[in-house]
Amino acid sequence: MELTPLNPPNVPITHHHLLDLNAWTADEIHTVFNTADEMAQILQRRVRKAPALQGFTVCSLFFENSTRTSMSFERAAKALSADVLSFRAKSSSLSKGESLKDTLRTIEAYQADLYIVRHRASGVPYQLTRWTDACIVNAGDGRRAHPTQALLDAFTFRNTFPNFDGFAGKKLTIVGDLMHSRVARSNIRLWSKLGAEVTLCGPRSLCPASLADTPNVSLTHNLAEAVEGAHAVMAVRIQHERMQNSLFPSLAEYQARYQVTPEIMKQAHPDALVMHPGPMNRDVEISGALADCERSVIEQQVANGVPVRMAVLYTLLVGGRQKAAM
Ligand code: CP
């Protein structure tokens, strides 16, 4: 068997959009990570800025609330000297009846090169690719995909261990409301593509068996079994806002069976990381004490959103143009 080198040399990336990770190869993902390493160095300089995207305009289109994704994309674009436009649905003319298509047509007049799109409906970023020639980055669509979150989660795992020797042979356990989680779907896709084993866990009503319908992915409803030997345990949020009715008998029962706690982490690998993409329901899907403990990398995940999103913006805007000019 031919082994993939840990940090394969950078490959040219010609994608015009980042809608999900389906069409991105493992080598392209490693290239994004390598680029994010370089971006992280820019953020360590005295002047934490580079001119790489000078002359480009980046526009964020958020039709659903966000703290981490919206702020880190803005920080990333500004750190690379792009001009930044921000559209917020709640304060826009959508409330006066303007359609999504007319909204985009209006914003197109401001000459954005790239749109960052979050929407509660799955597929909206795809739809926008039909109405504009600009690059589209999916910042979360419904329960379908949140590719930059998965990239920053895997990047955080890769960069936390000083002697990291690759994703092959590593086990990621994801626990919680997986049915409604675009973060879980993107992480399943990404980590399995990089060669890791992914174990999914949660109540039957929140963990459809179809999620484990991928090589390297398994599903159990027993938390201790799921966490056994894991190198990272990621809790994901109970998404009450996406449920029509409660899908488990009581919060107390959920906490008793599925909350990720210091006690349950004793089943994991001794160096296992505690992860959460945020926002957290403290003491629901994860105990507050565990979220704040030494093995928690939740704050690093937030911080790594900036260099990873810088890498994505740079790759789509500049990488693609260099390729086209060749
Ligand atoms: N993880 C994540 O997408 O957080 P926000 O909703 O705050 O952007």
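**Close-up views of a predicted model**

**View 1. Five strands make an open sheet.** In this predicted model, 5 strands line up in the order β7-β6-β5-β8-β9, and the pairing is parallel. Strands (E, at least two residues) and helices (H or I, at least four) are DSSP runs, numbered from the N terminus. Two strands count as paired if DSSP finds at least two bridges between them. β7 (217-220) and β9 (273-275) are the edge strands; each has a single partner strand, so one side of each lacks a neighbour in the sheet. On average, neighbouring strands here are turned by 20 degrees against each other, direction ignored. Such angles run from 0 to 180 degrees between N-to-C directions, and the axes are lines fitted to C-alpha atoms, for helices over the stretch in contact.

Residues are numbered from 1 along each chain as its sequence is written. Local features need pLDDT of at least 70, side-chain atom pairs count only at pLDDT 80 or more, totals for chains, interfaces and linings use all residues, and side-chain values use heavy atoms, with hydrogens and water left out.

View 2. Strand β8 (residues 232-236) pairs with β9 in the parallel sense over 3 bridges. Which residue in β9 is the bridge partner of M234? That partner is M275. Helix α5 (residues 147-160) packs on this sheet and touches β8 and β9. The direction of α5 makes about 160 degrees with that of β9. Contact means heavy atoms within 4.5 Å.

**View 3. Four strands make another open sheet.** Here 4 strands run in the order β2-β1-β3-β4, with parallel pairing. β2 (83-88) and β4 (135-141) stand at the edges with a single partner strand each, so one side of each is left without a neighbour in the sheet. The twist averages 15 degrees from one strand to the next. Strand β1 (residues 57-62) and strand β3 (residues 114-119) pair over 5 bridges in the parallel sense. L61 has V117 as its bridge partner in β3.

View 4. The residues around it are S66, T67, R68, T69, R118, H146, Q149, P277 and G278. Each has a heavy atom within 4 Å of the ligand. The side chain of R118 has an N or O atom 2.9 Å from a ligand oxygen atom. The side chain of H146 also places an N or O atom 2.9 Å from an oxygen atom of the ligand. A polar side-chain atom of Q149 lies 3.1 Å from a ligand nitrogen atom. The protein covers 92% of the 250 Å² of accessible area that the ligand has on its own. That area comes from the Shrake-Rupley method with a 1.4 Å probe.

**View 5. Two loops hold backbone exceptions.** Most residues other than glycine have a negative phi, and most peptide bonds are trans. S81 is not a glycine, yet its phi is positive, about 70 degrees. S81 lies in the loop between α2 (68-79) and β2. The peptide bond from G278 to P279 is cis, with omega near -10 degrees. P279 sits in the loop between β9 and α10 (288-291).

Conventions. A polar contact is a pair of N or O atoms within 3.5 Å; within protein, one must be able to donate a hydrogen and the other to accept it, and residues adjacent in sequence count only if both atoms are side-chain atoms.
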